[in-house]
Amino acid sequence: IDAQIGMGPAGELRYPAYPLALWNFPGVGQFQCYDKYIRKDLIQAAKAAGKPEYGLMWPPHHDDVGNYNYSTEHTEFFKDDGLWQTKEGEFFLEWYSHALIKHGDRVLKRASKAFKGTGILLAAKVAGIHWQGTTKSHGPELTAGYFNTINRDGYLPIAQMFAKHKVMFDFTCLEMRNEEIPDWARSAPVELVRQTQRAAKAAGCEYAGENALPRFDRNGYMQMHHQCENDGDGIKSFTYLRMTNHLMNEQSYWQEFMRFAAEMKSGNRFTTWCSPPRSKQSNRRHVQDALKIQEPDPESMARLLRFGGSQFVDLDNLPADKSSPALVTGELPNKEPAIKAGVQAGTLAGRNGQPMGTKQLLKVDFDEAAETHSQVLHL
């Protein structure tokens, strides 16, 4: 059992750099450090670093970073040869990301204390900000608090902080392929997932994944399975989002999902897949018929009225010397009929009314399976 600890927007460890009310894909977002309290912290950090002037020149002016929906190449700060790679820019980005990591460290410290001794594995989620990921600055990641550029791995410090508290690194967008995203978004989700997997492995913390967008197609499921393999290392768990009516009511979607679930459980790829034949499916038509409420025919209705009349009969307050006029056959039962063990709706438990045999039982050694395949499907 694992419990995910929320640490920011959508439960993710990040700044609210791209609120949906103001932002459109694939905008660069905006830094969230312009209020007087966090600016005071920046000034103190600059003084402690022996560079008090840095506290006055940062955070960057809006003219240098644009608004939420700018592209990186249209800003002085995020463009390939922009301010982000100067010494002053590196100081600001280091402080900005470190403040986020300190926040996560405080939250996980309290969470670890609260869950101590329960045996529950804690997890924390990192946002899959894949857009504009082929630029040098990785602008959208910077505004969200991840100091990840072409020259620096911004996810390793986060993974190390998670490992300190024995918290699982949960990442998203495992279903995405680079070629499925428009070129103008400059996205690289596949490489981003691999980078976070390497960071978690280097830090010594468990890794979990999930899909960012609903996918019901074969290509999406294959990509999820491929990313979960993680070059043979496997991941701790996978969460599928999500079980909707659209998935369950469309037969082709449900068939593909069952195929995906079977592949994740076994660790294998099934090139062909079909539902079990009808001969091996449970056929209990009489149970379905018993659940249907049908209108009584006129003859039956007339018979009931002859015994019960048109007045309401309160069975709980009948006179002691009278039997129920609403019952056609006999007196009220003295006790409730006992339900025989192993009987479901009048049929013995098992396939098609037959008792369960040893050949019909499926035994899975989860300890042994966990050593071979570490993929787990959370439903």
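pLDDT is the predictor's confidence in each residue, from 0 to 100. This is a predicted model, so to speak: local features need pLDDT of at least 70, side-chain atom pairs count only at pLDDT 80 or more, and totals for chains, interfaces and linings use all residues. Numbering starts from 1 along each chain as its sequence is written, and side-chain values use heavy atoms, with hydrogens and water left out.

The protein averages a pLDDT of 80, and 72% of the residues score at least 70.

Where pLDDT is low, the predicted coordinates should not be read in detail.

Now for a pair of helices (DSSP runs of H or I, at least four residues, numbered from the N terminus). The axes, lines fitted to C-alpha atoms over the stretch in contact, of α6 (residues 156-164) and α7 (residues 189-203) come within 8 Å and cross at roughly 45°. On the α6 side, L156, A159, Q160 and A163 meet A199, A200, A202 and A203 of α7. Seven of the residues in this contact are nonpolar, one is polar and none is charged.

Finally, the whole structure has 13 salt bridges (a side-chain nitrogen of Lys or Arg within 4 Å of a carboxyl oxygen of Asp or Glu). One of them joins R215 and E180, at 3.1 Å from N to O.

Note on methods
Axes fitted to C-alpha atoms, helices over the stretch in contact; angles between N-to-C directions. Helix = DSSP H or I, 4+ residues; strand = E, 2+ residues; numbered from the N terminus. Contact = heavy atoms within 4.5 Å. Nonpolar A, V, L, I, M, F, W, Y, C, P; charged D, E, K, R; others polar.
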